[in-house]
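This report describes one protein chain, going from a single residue near its end to the fold as a whole. The sequence and the model are shown first.

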Amino acid sequence: MKLLIAGIALFFIVETNARWINFPIEAIQGGHDMWRAYSDMRDSNWKESDKYFHARGNADAASRGEGGKWAAEVISNGREWVQEKMGHGAEDSAADQRANEHGRNGGDPNVFRPAGLPPQY
């Protein structure tokens, strides 16, 4: 009986740790997704597209797993903190955070897609 309980406990420990082994890889990939969304936003230079790229970057990163979701949250919160310190509007920051959370929680980024944004984005 003790051996069975030990085996079950070992199974749960190994399973839990196996998921966390991927965390750093997912975080790096999520950071790359966030950078790609930022680069696409700068490249497109499309008016009113900010919220779309926020949501898309967060959605792409979060789709990687817990590490990607963590990276998206850290990067998004860090960006908004910096903008707050630079004196940008609180309303815009709150709207950005809503778009960030929408993407991170599995929402469709296309909800924020502006009309006429080229299809490569």
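Glycine 116 is exposed, because its relative accessible area is 57% and the cut-off for exposed is over 50%. The model in which this value was computed is a predicted one. In the chain, glycine 116 belongs to the segment after α5. Tryptophan 46 lies 70 residues from glycine 116 in sequence, yet the two C-alpha atoms are 8.9 Å apart in space. Another glycine, at position 106, follows α5 and has a positive phi, near 90 degrees.

## Helix α5

Helix α5 covers residues 90–104, which is 15 residues. From its first C-alpha to its last it reaches 21 Å, close to the 21 Å expected at 1.5 Å a residue.

Which residues of α5 are buried? They are Ser93, Ala95, Asp96, Gln97, Ala99, Asn100, Gly103 and Arg104. The list includes Asp96 and Arg104, and both of these residue types count as charged. In general, an α-helix has 3.6 residues a turn, so residues three or four places apart point the same way. The cover over the buried residues of α5 includes α3 and α4.

## The largest pocket

The volume of the pocket is about 200 Å³. Its lining consists of 14 residues, and those nearest the centre are Met34, Tyr38, His54, Ile75 and Arg79. The element that gives the most is α2, with 5 residues.

By class, the lining residues divide as follows.

| Class of lining residue | Number in the largest pocket |
|---|---|
| Nonpolar | 7 residues |
| Polar | 5 residues |

## The protein as a whole

The protein contains 5 helices and 0 strands, and from the N terminus on its elements run α-α-α-α-α. Of its 121 residues, 36% are buried. The accessible surface comes to about 8,000 Å², and carbon and sulfur atoms hold 61% of that area.

How much of the contact set joins residues 24 or more positions apart? Among contacts in the protein with a separation of 6 or more, such pairs account for 71%.

Definitions and conventions: Residues are numbered from 1 along each chain as its sequence is written. This is a predicted model: local features need pLDDT of at least 70, side-chain atom pairs count only at pLDDT 80 or more; totals for chains, interfaces and linings use all residues. Side-chain values use heavy atoms; hydrogens and water are left out. Helices (H or I, at least four residues) and strands (E, at least two) are DSSP runs, numbered from the N terminus. Buried means under 20% relative accessible area, exposed over 50%, partly exposed in between (1.4 Å probe, protein chains only). Contact means heavy atoms within 4.5 Å. Accessible areas come from the Shrake-Rupley method with a 1.4 Å probe; for residues, only the protein chains shown count as cover. On a 1 Å grid over the protein atoms alone, a cavity is a set of points where a 1.4 Å probe fits but cannot get out, and a pocket is an open set with protein on both sides within 12 Å along at least five of seven lines; lining residues have an atom within 4 Å of a point. Grid points are joined across faces, edges and corners, and a volume is the space filled by probe spheres set on the points. The expected span of a helix is 1.5 Å times one less than its number of residues.
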